[in-house]
Every structure is written in C-alpha cells, then in structure tokens.
Amino acid sequence: MHPIKTETNLLRAVFSNTTSDELVVKLSGRYSSKINVLVESENPENTTETATNFLKSVDKNSFDIKDFDFNKILETYKSYNQNLLSAHTAKLLETKEYDQAEEEAYSRLYDPFGIMLLPLNEDPFLLFPDYVKSLGNSNLDTIEYNDKYYKILQLGIKDEIALSPELANKQIKNLIDLQTKFTNNDTKVYLTGAPVHSYYASSRSIIEINVICALSLLFIAGLCYFYFRNLKIILPIAVGLGLGIFAGYLTSAIIFPSIHVLTFVFSTTLIGICIDYSLHYFIEKDLSKILKSLTVSMLTTVSAFGILLFSGIELLKQISVFTMTGLFTVYLMVVLFYPLLKIETENKTINFSFPEKLLKPYIVIIILISSVGLFLVKFDDDVRNMYVPSKKLAAAEKLFSNVTGGDKKPVFAVVNGNNFQQILTKEEEIAKNLEPENYQSISKFIPSINKQKENFRLRQNLYTNKLKNFATFLTPKEQQKLLNKKGLEKFVQYEDLPIFKEFLLDDKTSIMVLYDVKDPQIITSKGANYVNVSQDVSEKIGHCRKSCLQMLAPVFALLLISLSFIYHPITVLKIITPSVIASIFAIGLVSLTGQHINLFHILAIFLIIGFGLDYSVFRASGIKSSSDAVLLSCMTSIFSFILLAMTSFKLISSLGFILSAGLSVSYLTSLLFSYNEEEKPL
C-alpha cells in the first residue's frame with residue numbers, strides 16, 4: 001500500500017540527496033522545463049501580433065508564462081527613472097569621470113538611431129535610455145536578425161504537470177498544434193527546449209518499442225511452436241516474468257522512496273534471463289536433472305548484482321534490489337510450480353556446434369577487434385551526447401541560439417540572504433567584478449534600495465558638475481528644477497516587476513546566470529555558491545561510470561570464489577571466460593565504430609555478464625538438452641536487442657548494439673569449451 005513515485009529525471013539516477021547535489025538537480029530541472037516559442041516574420045507587426053495571439057491561446061493552467069509586456073515594463077521603470085543607472089555609467093560617476101560621461105551623453109543625444117524615452121527636461125543626459133539598453137534585449141522587445149523580426153515567449157511547465165510525463169506530453173502536443181495553427185506563409189513559429197525534445201523522442205520511442213514488442217512476441221511464439229509444437233508454454237513463461245517484475249517492484253517500493261525509470265529499463269531486461277529457466281524446464285521436463293544448474297545460475301547472478309549494493313550510487317542499488325528479487329521469484333516459480341503443470345510438448349533436437357573451419361578466423365577477429373578497440377577507447381560522460389535530435393529540432397535550437405546570442409554555456413551563482421534586499425546587495429557585490437554583458441540577475445532589473453539611493457546621488461553629482469554646460473537647450477528654470485530635485489520616497493521593487501521570478505529559487509535564494517567566468521573565486525569569495533551544471537553533471541556521471549568499472553573486478557572475483565565451491569577450478573574458468581571475452585569485445589567494438597564509452601555501456605556489461613554466465617552454467621551441466629535451451633534463449637535475447645539497436649533514440653540503440661554484440665560473442669565463445677568427466681563438480 002506504500003505509494004511509490006517513478007522518477008524520470010535522469011540526474012536523480014546519479015545524484016544523491018546532499019545539499020550540493022540537490023542544488024544541481026534543481027537548477028537543471030528549472031531550466032530543462034522551459035519552452036521557448038520563437039515567432040519569426042519579415043514584418044515586425046506580424047511578429048508581435050502572432051506572438052500575442054499565440055500567448056492568448058496557451059493554457060494558463062498548465063504553463064507559467066513569462067509575459068514581457070514591454071510598454072508596461074517601461075512605464076514602471078519611468079516612474080523610478082531617477083534611481084536607475086547602467087552599470088557602466090554608474091562606474092564612471094563613482095570614479096568622477098564626468099567628462100567621459102558627458103561625452104557619451106553627447107553621443108546618445110546626436111545618435112540618429114537613438115531613442116528618447118523621456119523628455120529632455122527630465123533626462124537631458126539620456127541616462128534612462130542608456131539604462132534600458134544596458135539590460136540587453138532580454139526578450140523585452142522584438143529582435144531583428146538577418147532581415148527578419150523575432151519575438152520570444154518563454155513558457156514554463158507547472159510543477160504538477162511536469163511531474164507526470166503523460167500530462168506534460170499532452171500539453172506539449174497542444175503547443176505543437178498551436179505552432180501549426182499560427183505558422184503560415186508570412187509567419188513561422190518554432191518551439192525549442194528540453195520538454196519539446198522529450199515529447200518527440202518519447203513519441204518516436206513509444207511507437208518503436210511497441211513494434212519491437214510485437215515482433216519479439218511473434219519471434220518467440222514462432223520459435224516455441226517450431227521447437228515445442230505447443231504455444232501453451234508461453235503463458236507460464238509470461239506469468240513467471242510478470243511475477244518477477246512485480247516482486248522486484250514491490251521490494252524496491254518498500255526500500256526506496258522512489259524508483260528511477262532506468263531501474264525498470266535495466267532490471268526488467270536482466271530478468272529476461274529467467275526465460276532460460278523456463279526453456280530449460282520445458283525442454284528437459286525432469287527438474288531433478290537441471291535443479292543444480294538452475295540454482296547455481298540464480299545464485300551466481302544474484303550474488304554478482306548484490307555487489308552493486310555497496311556502490312554508493314542510488315541507481316545501482318535499485319537495480320541490485322530489483323534484479324535480485326525478480327530473479328529469485330522467477331526461480332521459485334519454475335522450481336515450485338512448473339512441476340504442477342502438465343503441458344505436453346514435442347521437442348525437436350538442434351545439433352548446433354561451432355564450425356571448426358571458422359574457429360581460427362573467429363579467434364583472430366575477436367582478438368583484433370578487442371585489442372584495437374581497447375587501444376582507441378575514449379570515455380564521454382556528457383549526458384547531452386546520449387541523445388541526437390531530429391534535423392528539424394536541431395535547426396530550431398540553432399536559430400534560437402543565433403537570435404538570442406545564447407551560444408555561450410551558462411554557469412550559475414546561487415545567492416542566499418535573510419531577505420530580498422540582502423540578496424540584491426550580494427548580487428551587486430558580485431556584479432562589480434563582471435562585465436554587464438556577461439551576466440543576468442534580478443538585481444540587474446531590480447536594483448537594491450541602497451543601490452537606487454546611490455544611483456540618485458551619482459546622478460545629482462553629474463548634474464551639479466556638468467548640467468549647466470551640457471544642457472544649454474534647457475531653460476535656467478528647468479536646469480534649477482533638476483538640480484534641486486529630491487530623492488523619491490518609493491523605490492522599484494519585486495512587487496512592481498514579478499515577471500523576473502525566474503531568478504528566484506525561493507524567498508531567500510536567487511540565481512545569477514553567468515557567462516565566460518574565468519575565475520569561480522569571484523563568486524565564492526562573496527559568499528555565493530558557484531554551480532556549473534553541465535560540468536557537475538558530467539563529473540557525477542563520470543564518477544558513477546568509474547564506480548561501475550571498479551565493481552567489475554569484485555564481481556568476477558566473487559564469481560570465481562563462489563563457483564569454485566561447486567565446480568572444478570578449470571570448469572570455473574571455462575564458465576567465466578566467455579563473459580570476460582564478450583565484455584572486452586563489446587567495449588572494443590563500440591570504440592572501433594567511433595562511439596565513446598559512457599555510463600550506460602558499462603551498465604550493459606553487467607547485463608552481458610548475467611546473460612553470458614547463464615549460458616555457460618547450463619552448458620557446464622553436461623545435460624544434452626541444455627544446449628538447445630541455451631541456443632533458443634540466446635536467439636530470443638539477441639533478436640530483441642538487434643531490434644533495439646535499430647531505434648532512433650541514441651541511448652537505447654547504443655544499448656541494443658552493445659548487448660546484441662556481447663551476447664553473440666558470449667554464446668559463441670561458450671561453444672569453444674567442452675566439459676569432460678574429470679572436470680565435473682568436486
């Protein structure tokens with residue numbers, strides 16, 4: 001009855017619940033749930049009108065909308081214009097470089113493309129347009145690029161929707177329908193952002209997986225009918241696998257607060273080993289003859305995956321618990337209940353052995369691919385390289401990057417404070433060491449009250465020193481009015497511009513988005529946390545990959561020790577060798593095809609060990625019928641993984657490729673060994 005959550009965030013698979021890890025996951029989740037709507041037209045009026053109509057059509061109950069009403073924002077800023085200065089101008093006035101400030105004011109005044117947002121008698125130095133310009137485009141207005149005009153709308157999927165992939169995909173589908181509706185000969189609408197990629201990837205994957213399941217079922221049914229002449233055995237096999245998956249789920253649900261979706265992917269794949277148990281039983285029909293092989297296969301696989309419990313990585317622990325429970329449950333199903341079934345079959349005999357004339361070429365190929373591939377092996381822990389978007393989406397992302405100038409990789413400064421004003425003050429201290437174009441923060445749009453007071457004082461000092469000489473176009477009365485102006489009693493605050501809430505994690509934490517930070521010490525010295533999400537994620541995945549690699553040696557050592565209590569040492573080596581060779585070959589082949597090795601390739605090695613060990617243990621039993629069972633089981637597994645290798649999702653296809661290659665070599669290598677009388681169990 002324990003309610004369980006299925007975790008779909010990939011980062012949750014490798015990140016723990018520590019404060020620093022949680023911060024990375026939060027930041028990644030915040031920006032990966034954003035959707036950018038890019039409206040393009042050769043006419044700025046069309047761009048604005050389409051963007052406005054698109055925004056009106058969006059479901060406000062499903063999306064947080066960052067609605068930039070440029071005119072409304074300008075009116076708000078105008079009310080407080082005396083307190084606003086660009087960072088560049090403020091720095092000039094702080095150092096009393098009034099001549100330079102005057103020269104720049106002349107440039108703005110006589111610029112034919114300049115804008116005048118306030119009357120000259122209120123802002124003779126055009127300091128307010130200078131401030132607005134310093135904010136960058138910031139999506140505040142229409143952007144011109146390559147003789148076309150663009151408007152950017154930013155949507156955020158609400159948390160309650162984002163937590164449900166099904167609901168999120170439904171809302172993305174609605175946005176795509178709106179995209180089609182508002183795209184015509186004059187105007188185009190583009191959608192970018194991680195949720196859009198997820199929708200297209202999952203939609204294609206669902207179709208492909210359904211096709212794979214149907215083809216795999218037909219293949220298994222055809223194989224069973226060909227060999228057994230009876231399709232009734234499919235039902236107990238399916239029931240056994242279902243119970244194994246259900247038992248693994250229940251146990252994991254009791255132990256863990258949530259189960260990661262990758263746990264299902266890897267664990268349910270491995271539980272497929274259990275089809276071997278069923279096939280061996282229905283081929284032999286005498287449980288007493290295969291009980292030892294069944295038990296040894298189950299115990300060795302369970303003990304090997306038990307080592308993952310000590311990895312310190314949540315995903316690997318979940319895979320360990322799920323797999324061990326599932327395998328043991330299917331084993332009990334075969335041992336306790338299959339003997340009660342009375343299913344008659346007409347078993348054929350398949351005499352398959354390794355062709356002697358292919359032995360030497362096979363060995364040469366294995367050695368060559370393994371050695372050259374291992375020499376060329378390179379690791380890649382960047383999670384973004386595990387997915388290749390369609391050309392259409394890739395083109396949209398590139399266009400968005402070009403229009404916004406967002407080709408730089410952002411990092412973050414996470415600023416904490418007891419109150420909002422303290423947060424703004426800390427941000428302003430950090431910003432003093434940064435170029436204005438290299439950061440975005442809430443303090444850039446909403447200065448602290450102390451900063452606004454200081455800006456007013458600096459402005460008045462400029463007037464005192466330069467106003468009479470500069471503003472000769474003003475009457476003496478207008479000049480005196482500016483010189484005698486007193487500071488406002490009110491200041492621009494967050495309540496006036498709540499649209500910038502994206503910079504706040506909570507009431508006491510803000511985010512600064514930074515670019516081209518050469519020295520993180522600039523951030524940390526001011527008491528803020530420096531977070532490079534891309535780098536931190538890659539390092540964490542790299543740590544997980546290294547942990548998995550380090551687990552392989554203990555796994556093989558445990559198998560050697562445990563099997564030595566059951567079999568002759570030479571037989572033990574023969575049982576383990578195919579899995580070792582298959583693992584090395586699989587990694588070598590992946591490297592030889594130009595792919596970099598990532599975490600999921602290493603996890604695939606554990607699956608190859610599990611499947612390959614199963615083949616060798618049953619062949620070592622000496623029971624003639626076991627050879628047929630191993631072959632049938634291998635054929636079903638390889639067929640399914642070859643189909644996976646043909647899918648469009650890079651992560652799934654790479655797993656299918658390495659598993660189909662590894663299992664093929666594991667099976668073929670096991671055929672090279674014979675088990676003589678003197679090599680029977682001690």
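Lys-173 and Asp-177 lie four residues apart in helix 8, so about one helical turn separates them. Helices here are DSSP runs of H or I with at least four residues, and strands are runs of E with at least two, numbered from the N terminus. The side chains of Lys-173 and Asp-177 meet in a salt bridge of 2.9 Å, N to O; the term denotes a side-chain nitrogen of Lys or Arg within 4 Å of a carboxyl oxygen of Asp or Glu.

Please note that this is a predicted model, in which local features need pLDDT of at least 70, side-chain atom pairs count only at pLDDT 80 or more, and totals for chains, interfaces and linings use all residues. Residues are numbered from 1 along each chain as its sequence is written, and side-chain values use heavy atoms, without hydrogens and water.

Lys-173 is partly exposed at 35% relative accessible area, and Asp-177 is partly exposed at 38%. Buried means under 20%, exposed over 50%, and partly exposed in between, using a 1.4 Å probe and protein chains only.

Let us turn to the other bridges. The whole structure holds eleven salt bridges. One of them joins Arg-459 and Asp-123 at 3.7 Å, N to O. This pair connects distant parts of the chain, 336 residues apart: Arg-459 belongs to helix 19, and Asp-123 to the loop between helix 5 (98-109) and helix 6 (127-134). Are these two residues buried or exposed? Arg-459 is buried at 2% relative accessibility, and Asp-123 is buried at 0%.

Finally, Asp-99, Glu-102 and Lys-466 form a network of salt bridges.
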